[in-house]
Amino acid sequence: MSTTVYQKRRAAIARALKAAGGGLALLPTAPEAVRNRDSDFPYRHDSYFYYLTGFTEPDSWLVIDASGKSTLFCRPKDLEREIWDGIRLGPKAAPASLAVDEAFSIETLNDKMPALLANQKAVWFPFATHKGLETQVDGWLNKVRALVRLGAECPQSQHDLCRLLDEMRLTKDAHEIAILRRAGKISAGAHVRAMQTSAAMLRDPVKGGLREYHLEAELLHEFRRHGSQYPAYTSIVAAGANACILHYRADTAELKAGELCLIDAGCELDGYASDITRTFPADGKFTPAQRTLYDIVAAAQEAAIKVTKPGKRFNDPHDAATRVLAQGMLDTGLLDKAKHGKVDDVLASGAYRQFYMHRTGHWMGMDVHDCGDYTEPGSKPRAEKDMLGNTVMRKPSRILRPGMVVTIEPGIYVRPAKGVPREFWNIGIRIEDDALVTAKGCELMTRGVPVNADEIEALMRG
């Protein structure tokens, strides 16, 4: 892997520091976390740190100053620990391997940081992302203040480094897009495998039945088989009524013929996420009621896809999808026309939220819910309705631009309730794809698994 992409990103941060009047940027990676006793959770680097270094070892820090100089602190070489835990890069090899200007042992961090901070105009570090970081920075600044009588100057201001990095990460470069496409392809293949396994196992029942964890195992197998390092998040495999629980986790529930299964799962590849949701009949054949609601959600997603393009705002896909969903709720009797009126009345009152209570998408990238403002920078607040129908002052949503990546994920979730047609009870449906905003529209990076109901049934027959 070339280090050029990370050098360019660090140079961009240095230019931003210089434009802000100078200063020093400090950035730690994530700590290791104990799972229980002598067992750690699988280590996952900090996304911001990896974005600027491509380095995945724990106990590391990056320092960048406005001149463009970058300094890495990392674990020293240690033969005994490397026998147990794996080879370390070490400070001596880091400059050549990571294209940083210099590197030191992490053991020297507290000794060297006050000198690096001395005579800097400002200090930049990520706010509210690393427990105790503010206190650590304050300790270094106190040491700088102790040197004031010797002519040292202490930084006069502190700034959130996330503000600079979030804006950079919001627009993906060619390197990132290539990884996201591959992650989407791997995850789509995993969903195909889960669908086919579901139908096959119900055609040829096994002792104990087909359970949610069986399909989760198929997903994880396909992720890892194609080089993904981890799932991007805990997989949702929800059988029957469990699909009406938005953040359900794969458990032991049995999948039964005649019921739907909702899978929300994606892999992480080389630090980048994918995020796909598909809903399918466990035995490969939609019932009439399931098909009716499924086609409404599919139409809502298509409406959202059409407005996911440059110049549109982040909220536009949600508004487009919600209009289709609301009309579908009226047409099917989920919402009583005599009580709720026409589609504009349903949108104004928010009555649709009984069956659709989340947004239609989010940013995606290194984190499955990626960083970046959802409102347009520099815009002025204006009055609008919030999710509960209250009037609030809010900036207009972000203008979509090429290189941004969003999910498009409308849904309908029908819990048993008075006045709700019984044939729709306990049906939960969500369809989600990852969309790269392009010059003329958007590219769906996750369509290696079908969305059309007829195509899903055909896939599962095979």
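Trainee: Why is Val437 called buried?

Mentor: This is a predicted model, and in it Val437 has a relative accessible area of 2%. Buried means under 20%, so with its value of 2% Val437 is buried.

Trainee: Where does Val437 lie, and which residues does Val437 touch when those up to four places away in sequence are not counted?

Mentor: Val437 lies in strand 20, which covers residues 433-437. With residues up to four places away in sequence not counted, Val437 touches Thr308, Lys309 and Pro310, then Leu400, Arg401, Pro402, Gly403 and Met404, and also Cys442. Arg353, on the other hand, is 84 residues from Val437 along the chain, and the C-alpha atoms of the two are separated by 28 Å.

Trainee: Strand 20 also holds Asp433. What makes the pair of Arg447 and Asp433 a salt bridge?

Mentor: The side chains of Arg447 and Asp433 meet at 2.9 Å, N to O, and a salt bridge requires a side-chain nitrogen of Lys or Arg within 4 Å of a carboxyl oxygen of Asp or Glu, so the pair qualifies as a salt bridge. Arg447 lies in the loop between strand 21 (442-444) and helix 14, whereas Asp433 belongs to strand 20, so the pair ties together parts that are 14 residues apart in sequence.

Trainee: How do you know whether Arg447 and Asp433 are buried, partly exposed or exposed?

Mentor: Asp433 has a relative accessible area of 0%, and is therefore buried, under the 20% limit.

Trainee: How many salt bridges does the structure hold, and which residues are linked in a network of them?

Mentor: The structure holds 25 salt bridges. Glu167, Glu376, Arg398 and Arg401 are linked in a network of salt bridges, and Arg401 has already been named among the residues that Val437 touches.

Trainee: What makes Arg81 and Asp85 about one helical turn apart?

Mentor: Arg81 and Asp85 are four residues apart in helix 3, and the separation is therefore about one helical turn. Their side chains meet in a salt bridge at 2.8 Å, N to O. As to accessibility, Arg81 has 32% and counts as partly exposed, while Asp85, with 54%, is exposed, because exposed means over 50%.

Trainee: How do you class Glu82 and Lys77, whose side chains also meet in a salt bridge, by accessibility?

Mentor: Their N to O distance is 3.0 Å. Glu82, with a relative accessible area of 11%, is buried, whereas Lys77, with 48%, is partly exposed, since exposed would need a value over 50%.

Trainee: Why are helix 10 and helix 14 called oblique to each other?

Mentor: Two packed helices are described by the angle between their axes and the distance between the axes. Here the axes of helix 10 (residues 288-306) and helix 14 (residues 453-461) come within 10 Å and cross at roughly 120°. Roughly perpendicular covers 65 to 115 degrees and roughly antiparallel begins over 145, so helix 10 and helix 14 are oblique to each other. The contact is made by Arg291, Tyr294 and Asp295 of helix 10 and by Ala453, Asp454 and Ile456 of helix 14.

Trainee: What is the phi of Asn119 and of Asn426, and how is each residue classed by accessibility?

Mentor: Phi of Asn119 is near 70°, a positive value in a residue other than glycine, and Asn426 has a positive phi of about 65° although it is not a glycine. Asn119 is found in the loop between helix 5 (109-117) and strand 7 (122-125), and its relative accessibility of 51% makes Asn119 exposed, since the limit is over 50%. Asn426 is found in the loop between strand 18 (411-414) and strand 19 (427-430), and with 34% Asn426 is partly exposed.

Trainee: How do you know whether Ser235 is buried or exposed?

Mentor: Ser235 lies in the loop between strand 9 (230-231) and strand 10 (236-239). Its relative accessible area is 2%, which is under 20%, so Ser235 is buried. Leaving aside neighbours within four places in sequence, Ser235 is in contact with Glu216, Leu219, Arg249, Ala250, Asp264 and Ala265.

Technical notes:
Residues are numbered from 1 along each chain as its sequence is written. This is a predicted model: local features need pLDDT of at least 70, side-chain atom pairs count only at pLDDT 80 or more; totals for chains, interfaces and linings use all residues. Side-chain values use heavy atoms; hydrogens and water are left out. Axes are lines fitted to C-alpha atoms, for helices over the stretch in contact, and angles run from 0 to 180 degrees between N-to-C directions. Helices (H or I, at least four residues) and strands (E, at least two) are DSSP runs, numbered from the N terminus. Angles under 35 degrees count as roughly parallel, over 145 as roughly antiparallel, 65 to 115 as roughly perpendicular and the rest as oblique. Contact means heavy atoms within 4.5 Å. Buried means under 20% relative accessible area, exposed over 50%, partly exposed in between (1.4 Å probe, protein chains only).
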